[in-house]
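Subject: Structure handover

Hello,

Here is the structure I promised you. Please open it next to this email and follow along.

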Amino acid sequence: MAIQDLFSGEIATELLEMLIKISRKSLLCKSSADGLISSIEELLPIIQEIRYSGVQLPAMRQSQLNRISETLREGREVAQNVLNSGRWNVYKNLQLARKMEKVEKTVSRFLNGPMQAHILADVHHLRFDMVEQFDKLDGSARRIEQRLSSKNIGVGDGGWVEEEVKRVEMEEERLGRGSWELLGVGLDLGRSKVKELVIGKDNLGVVGICGIGGSGKTTLATEVCRDDEVKSYFNNRILFLTVSQSPNLGQMKGRIWSFLSGTGAWGSNDVVPQWKLQYDTGPRMLVVLDDVWSLSVLEELIFKIPGCKTLVVSRFKFPEVFNATFEVQLLREEEALSLFCHTAFGQKSIPPTADANLVKQVVTECKGLPLALKVIGASLRNQPEMYWASAKKRLSRGEPICESHENKLLNRMAISVDYLPKKVRECFLDLGSFPEDKKIPLDVLINMWVEIHDIDEEEAFAILVELAHKNLLALVKDPRVGDVYSSYYEIFVTQHDVLRDLALHLSKCESINDRKRLLMPKQDMGIPKEWERNACRPFDAQIVSIHTGEMNEMDWCRMEFPKAEVLILNFSSKEYFLPPFIYDMPKLKALIVINYSTFSATLHNFSVFSDLANLKSLWLERVSVSKLSEDTTPLKNLRKLSLVLCKINNSLDPSVIDLPRIFPSLAELSIDHSDDLIQLPSSICRMERLRCLSITNCHNLKELPSDLGRLKRLNILRLYACPNLETLPSSIDELVLLKYLDISQCVNLKCLPEGIGRLARLEKIDMRECPQIWDLPDSAAYLQSVRRVICDEEIYWEWQDIKKAMPDLHVQVAEKCFSLEWLNE
């Protein structure tokens, strides 16, 4: 009886009306009445919902609700007695007030106790029921798929239902309906090339699609699978699997096995057999493995059987497995603008109401990366112009413009970095130290990493190659070289701006004084204000990178860097005052000074070098080198000195300075593109520890020291592109440890030294584009260690005659290279 009354709401409704009257009439019962009013007003909507739901409650819950119903009925009787009681009957009113308080406490306990448990129980039952229903749907889908498989009818493009659904969802998420056309000719060309590799060449069993995160790799692979020609070629037998970082290898191998063998559904308890096919041909099948992160996982998932091809989509390159690789290119300017406008404005072009220049500037910051264009475009949609201007500034500084940008782009790109070994990850983060859109000399990176990561040059180069294979940077040869025997000196590193932004973003996790890398993301007029505000205490940075315009003595503030090991000074000006805080860098090992203006800059405050006792590497680019004197403080630990595009100004004049005294430990000296270097000073020949001497692109160099042979430890002598150099000193044949001689593009060099045959350790000679050399010295036949020679066709046959007595000698005719792309630098 009570539960029916409760669900009808009659008791609660009547009691509520009485309580309102009591609250107005009785002072003693007012507090309890007000509490009951509040409780019952919360209870009434729930009662009404249960009333109309038609749900049959469990016995336990019905018992609890019966008890609360009885309490409310008692409360109704007490309320009626209160209303009937006279105002002056104080004793009776006091008793009724206590009963009212008891009712109020009982109802309150129910609402705060059993009622909450009922709600949790309902949520749990609802969740269980939903899981059960989805399991039934999943089972139905599998049964349908099994029946279709048994009838040789492909599901979607031939794969599993859930994989097809995931593929469609990914397509819609990354591009949206109809957005493929917006990506333009570039991806159409990519589709054609991948198709050619997949269906046009039977000998390519494993084909890779590679590119940086967000470049459209999965989109391209999906479009290839949807292509009518591809589907017809494989007779719709295409399996598309997303591998991800933590795949269930057993399950995936089972799915691939089931697909290839045509055995139907594969259960979780089934074992993939170890099998070998004894036939040479089979039905054509394509297995697409998307989002592959590991070589070991990839090798487990590749089944090399006749007729089967594997298309691998990954941010990384796997040359050990791939028979061919297609690298996804970034969008061109028109394609990038079209995709961005589609996301930001819902149309293919810039609307008349938008600031066209501002829109193009934002698009430029995305650097043709589809994911960046979509995420940033969506973040700016329907935002005011001031927000756009702020976003453009933040993008130029490598900062996220909003939480969506950080989560959807930077954090997603960060997955590639999180997956790296610790030391490789640190090297990647170091790349944020260099300006955007600039080629980074490989020597600079190698020197830096050797000093701060305690690795040798070979390991540093191996890390660069690993980062390149993972598409986190690109290694670019100097276009003037163009051969397979390039040295470190001829290679540059480039990086997409979004990856550089990622390195900057990840380097800012700690407070400014605690960061391992203190970096200026873009050129500014002076030191960032944030640095100045925190200069009251030392900075713990190991790498400090500054990018400014002209700096005078008063432009610097006092800062302390007790842990700094690398200082990179990027600037653009004719005058530059070296920062006084270099005095407060006692652990500085590598100093890199690069001027990006078109004129050589005059450096001031050279006296800071007097305290750099631990400096091991010095790189100066496009600066005017001050004249050194006998008073110059020796740099006792300096091992590498590189002068690039520098004005020498006779600073190496042997009549003024003693180079061995100033650089007693120098092992490598490089001078590149110095147009006022006419004669190499003879004091260089007394630098007994010198192992590498590179004098390149010095067009006015006419003469080398006659006693060059005193450099007994020299391994590398590079004299590339010195057109006015006519002869080599005869003492070169005394360089008993020389392994590599480069005289390429010395167009006026007449001959090799007569005694070159005494260079018993010489392994490689590069003498391409030396048109004046027609004959080889007789002693060349005694070069017992030479394994590689690069030369012009005119002298090729001379070396071929020598090769008859040296079967291990490889002689290569250099290809002509007429690229002027380097002039852009």
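The charged end of R284 sits over the ring of Y233, 4.0 Å from the ring's centre. R237 does likewise with F259: its charged end lies over that ring, 5.4 Å from the centre. Keep in mind that this is a predicted model.

Next, the aromatic rings. Twelve aromatic pairs were counted. One of them joins F340 and W388. Their ring centres are 5.9 Å apart and their planes meet at 85°, so this pair is edge-to-face. Are F340 and W388 buried or exposed? Both are buried.

W388 has another partner, F345. Here the ring centres are 5.5 Å apart and the planes are at 5°, so the pair is stacked. The cut-off for stacking is under 30 degrees. This pair also links distant parts of the chain, with F345 in α13 and W388 in α16, 43 residues apart. How buried are these two? W388 has 5% relative accessibility, so it counts as buried. F345 has 23%, so it counts as partly exposed. The limit for buried is under 20%.

Elsewhere, six residues form one aromatic cluster: F539, W556, F561, F571, Y576 and F581.

Now look at helix α13 itself. It covers residues 333-345, which is 13 residues. Why does its length make sense? At 1.5 Å a residue it should span 18 Å, and its end C-alpha atoms are 17 Å apart, so the two agree. Which residues of α13 are buried? They are E335, A336, S338, L339, F340, C341, T343 and A344. G346 follows the helix, and its phi is positive, near 75°.

Last, a sheet. It is open and has three strands in the order β12-β14-β16, with parallel pairing. The edge strands are β12 (575-577) and β16 (623-624), and each pairs on one side only. Strand β14 (residues 601-604) pairs with β16 in the parallel sense, over two bridges. Within that pairing, T602 stands opposite S624 of β16. As background, strands of a sheet pair through backbone hydrogen bonds, either parallel or antiparallel.

Best wishes

Notes:
Residues numbered from 1 in each chain as written. Predicted model: local features only at pLDDT ≥ 70, side-chain atom pairs only at ≥ 80, totals over all residues. Heavy atoms only, no water. Pairing = 2+ DSSP bridges. Helix = DSSP H or I, 4+ residues; strand = E, 2+ residues; numbered from the N terminus. Expected span 1.5 Å × (residues − 1). Buried < 20%, exposed > 50% of the residue type's maximum accessible area, 1.4 Å probe, protein only. Phe/Tyr/Trp six-rings, centres within 6.5 Å; stacked < 30°, edge-to-face > 60°. Lys NZ or Arg CZ within 6 Å of the ring centre and 35° of its normal.
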